[in-house]
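Thanks, everyone. I would like to take a few minutes on the charged pairs and the surface of the model now coming up on the screen.

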Amino acid sequence: DGAGSTFRTVASELANELVAQLTQEHSREVSAMYQEVLSLRNELQRVSDLMQGYLNREKQLHDMMEQLTSTYQEATMHFHAAHSQFSDHAKNTTA
């Protein structure tokens with residue numbers, strides 16, 4: 001009975017030691033994963049801010065391009081109107 005009691009005591013101590021080591025390892029791994037998650041969230045926020053800046057810039061460029069196209073079309077219409085007037089005036093002058 002003394003050997004069984006000694007075995008039980010040693011086994012219990014070893015089991016407690018194993019549980020303590022596993023608990024420490026688990027805590028360390030969970031902490032490392034949590035830090036990685038925080039780091040990834042910060043990186044995602046940085047990328048999100050960066051992309052928002054790109055989207056705003058692209059919207060401004062798109063608006064500028066629309067304005068330039070509109071201005072070009074108006075200028076072209078005025079040029080054609082002036083050219084047509086000039087042609088009509090030239091025909092009337094020579095006729």
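Let me begin with K59, which forms a salt bridge with D63, their closest N and O atoms being 3.3 Å apart; the term here requires a side-chain nitrogen of Lys or Arg within 4 Å of a carboxyl oxygen of Asp or Glu. This is a predicted model, in which local features need pLDDT of at least 70 and side-chain atom pairs count only at pLDDT 80 or more, while totals for chains, interfaces and linings use all residues. Residues are numbered from 1 along each chain as its sequence is written, and side-chain values use heavy atoms, with hydrogens and water left out.

Both K59 and D63 belong to helix α1, four residues apart, or about one turn of the helix, where a helix is a DSSP run of H or I with at least four residues, numbered from the N terminus. K59 is exposed at 53% relative accessible area, whereas D63 is partly exposed at 35%; buried means under 20%, exposed over 50%, and partly exposed in between, with a 1.4 Å probe and protein chains only.

By this rule there are three salt bridges. Another joins E43 to R46, with the closest N and O atoms 2.9 Å apart, and these two residues, three apart in helix α1, are separated by about one helical turn. The remaining pair is E58 with R57, at 3.3 Å from N to O; E58 is partly exposed at 42%, and R57 likewise counts as partly exposed, at 44%.

Finally, M51 also lies in helix α1, which spans residues 2-94, and is partly exposed, with a relative accessible area of 44%.
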